[in-house]
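Welcome! Take a moment to look over the sequence and the structure below, and then we will walk through some of the details together.

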Amino acid sequence: MVYVDIPEESRLLSFYLSMEEYVARTKPAESEYFFMWQVEPSVIFGRNQLIENEVNIPYCRSHGIRMYRRKSGGGCVYADMSNIMFAYITPDENVSLTFNKYIDLVVGTLRKLGVPAEASGRNDILIHGRKVSGNAFYHIPGRSIVHGTMLYDTNMQNMVSAITPSDEKLVSKGVKSVRQHIALLKDYIPLSLKEFKDFVRNDLCESSIMLNADDISNIKEIEREYLSDDFIYGNNPRYSIINRKRIENVGDMEARIELKNGIIKDVNIMGDYFLVGDIDNRILYRLRNIPYTREALEAVIPPHVDDIVMNLKRDELIGLLLNS
């Protein structure tokens, strides 16, 4: 694996998301790439999430915490200079296998340090049942990108206050306090944060490349999209029906359906689920201009949807749309 270096300089979280895209789109496809980054206090929410559902916007604005949307699915996370973000880029186009491979690589590295890490659920790495890393992925033609958190340490007050998870999620996980289900690496290893980063780099990567001034300029051009209000806040049109449901092993899902005379005119499905296929053309497009009935939904929704949304069953999707 190749480590991607950039000239030392403090950059926004949006820069590193853009850097992932740039490396995936431009660097030789025969190699896999990895890099780590840290940022000033920031929250980052998933592609299909509504910012007002996930982020305590007044708290973030009053405490100087920046807010970003990413292009991968999954939930909202908090990051600061005391924790680390990992990025992994591979030519493997099988998203699910790539995701599992990445998780296994990180778990293996932690175990070499004597940390009893294990993979869990859809996207987490745990230590003694406590989450130390959450991860997400997305696919572009010819490449898969996985990125995630690694909690060495963090500002717990900001983490708790900046993110507003649903009560249903908290209940489903039996969470009494955030600190009780978060593991911090500083409690399990004798290494400083820098020493830990050096160990990870040496363990996972055999070589490195340094991005030059032209690379940085091109990354900043990509970054313009990530910094736009349209991308961050999204276009949230009015809907006639909003159905919410937490689906085991899938995530929190919210169907927003606009009806006219019993006909579905528009539909969107928000949430922290993971996309592994084309939801726009294979599901959302088919739902438009059909009657809002179980029979009509069953006629257009494919028999298998778990190759579009990870772990989602067809009956669960229909139940969400009908709130049944």
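Let's begin with a pair of helices. The axes of helix 1 (residues 13–26) and helix 8 (residues 213–227) come within 8 Å of each other and cross at roughly 115°. Here an axis is a line fitted to C-alpha atoms, for helices over the stretch in contact, and angles run from 0 to 180 degrees between N-to-C directions. Helices (H or I, at least four residues) and strands (E, at least two) are DSSP runs, numbered from the N terminus. The crossing of helix 1 and helix 8 is right-handed; a crossing has that name if the near helix is turned clockwise from the far one by less than a right angle, and is left-handed if anticlockwise.

Which residues meet there? From helix 1 come S14, F15, L17, S18, M19, E21 and Y22, and from helix 8 come D215, I216, N218, I219, K220, I222, E223, Y226 and L227. Contact means heavy atoms within 4.5 Å. The residues of this contact between helix 1 and helix 8 divide into nine nonpolar, three polar and four charged. In this count Ala, Val, Leu, Ile, Met, Phe, Trp, Tyr, Cys and Pro are nonpolar, Asp, Glu, Lys and Arg are charged, and the others, Gly among them, are polar.

A word on the source: this is a predicted model, in which local features need pLDDT of at least 70 and side-chain atom pairs count only at pLDDT 80 or more, while totals for chains, interfaces and linings use all residues. Residues are numbered from 1 along each chain as its sequence is written, and side-chain values use heavy atoms, with hydrogens and water left out.

The pLDDT is the predictor's confidence in each residue, from 0 to 100. The protein averages 90, and 94% of the residues score at least 70. Over residues 170–176, however, pLDDT stays under 50, and the model has five contacts beyond four places in sequence for them. Where pLDDT is low, the predicted coordinates should not be read in detail.

K71 lies in the loop between strand 4 (66–69) and strand 5 (77–79). Not counting residues up to four places away in sequence, K71 touches E21, R47, Y138, E225, Y226 and F231. D203 belongs to helix 7 (residues 193–204) and, with neighbours within four places left aside, is in contact with T109 and K112.

| Side chains | Polar contact |
|---|---|
| K71 and E21 | 2.7 Å |
| K71 and E225 | 2.9 Å |
| D203 and T109 | 2.7 Å |
| D203 and K112 | 2.7 Å |

A polar contact is a pair of N or O atoms within 3.5 Å; within protein, one must be able to donate a hydrogen and the other to accept it, and residues adjacent in sequence count only if both atoms are side-chain atoms.

Buried means under 20% relative accessible area, exposed over 50%, and partly exposed in between (1.4 Å probe, protein chains only).

Finally, visit helix 12 (residues 314–322), where L317, I318, G319, L320 and L321 are buried. Their cover includes strand 12 (241–247), strand 13 (251–260), helix 10 (279–287) and helix 11 (294–300). Helix 12 is followed by N323, whose phi is positive, near 55°.
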